[in-house]
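Trainee: Let's go through this model together. Where do we begin?

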Amino acid sequence: MINFNGNIAQEENILTQNRAFLYGDGVFETVKIINNKILFLEDHYFRLMASMRVVRMEIPMNFTMEYFEEQILNLVQQKNIASSARARITVFRNDGGLYLPKTNEVSFLIHATQLDNTLYALNTAEYEVDLYKDFYVTKQLLSSIKTTNKMINVTGSIFAHENGLANCILVNDTKNVVEALQGNLFMVSGKKLITPPISEGCLNGIMRKQVLALAKKVEGIEVVEEIISPFDLQKADELFLTNVITGIQPISKYRKKEFTSNLAHLLVQKLNESISEN
């Protein structure tokens, strides 16, 4: 018997023992599907496996990359959205225990929604950001994986909405720039493309990896992973964000500084070319 929204119910809600709901005891991956194919499947699979190991979840014997692919594609095919979709797989430790779980065995949940575009397109609309400083990202391994504890992203998104911003940039406990609320951060300064290293607490992003690889093939561009301070952002020529669903999102304005998007345009073109070739 439980009290749910003021009503006494005889049957327990499925969430009353769910550890992802109670303790944030879950990890997840969000993937993009184009023409019945999961983009960057191997990268997503190995990041999910690494995340499960970090939080000491037991990996099922049948949880192979082929199984991961089959379960996602089966869902988007059943929903008739396999031409262009996003899907999220959440893996959570099974019910039981308080902080100390009774088991390390897991269950998973996949849900999917349709996307409008197949290949990536650059959004050139105004996209203003600012720092979110109410809470900080810590420089630790847990910050680099996707867990179901995303309260800093939730409160930061509310802050952005309340202040008319498209996004916010997060800082770590040493007050260096880490990433955005929904993606990794890149900065162009002269002929140098810079992104914070994973050791600063940023997510080990799948699109981050793709962009780093593509940018290294661009003639005249030096690609480095270096610490970025908030002051550095105002001296930059270009800022953009990356994630698997959006691709590359140029930042048009940070405080009073406005930015170009030349390299972002080029990288989106190269990203789509690489997808079409595979």
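Mentor: Begin with a definition: buried means under 20% relative accessible area, exposed over 50%, partly exposed in between (1.4 Å probe, protein chains only). This is a predicted model, where local features need pLDDT of at least 70, side-chain atom pairs count only at pLDDT 80 or more, and totals for chains, interfaces and linings use all residues. Residues are numbered from 1 along each chain as its sequence is written, and side-chain values use heavy atoms, leaving out hydrogens and water.

Trainee: Is phenylalanine 21 buried or exposed?

Mentor: Phenylalanine 21 lies in helix H1 (residues 19-23). Helices (H or I, at least four residues) and strands (E, at least two) are DSSP runs, numbered from the N terminus. The relative accessible area of phenylalanine 21 is 51%, so the residue is exposed.

Trainee: What span should helix H2 (residues 41-54) have, at 1.5 Å a residue?

Mentor: The expected span is 1.5 Å times one less than the number of residues. H2 has 14 residues, and its end C-alpha atoms are 20 Å apart.

Trainee: Which residue follows H2 with a positive phi?

Mentor: Its phi is near 65°. The residue is arginine 56.

Trainee: How many disulfides does the structure hold?

Mentor: A disulfide is a pair of cysteine sulfur atoms within 2.5 Å. Cysteine 168 is buried because its relative accessibility is 0%, and cysteine 202 is buried at 1%. For the sulfur of cysteine 168, the closest cysteine sulfur is in cysteine 202, 17 Å away, too far for a bond. The number of disulfides is 0.
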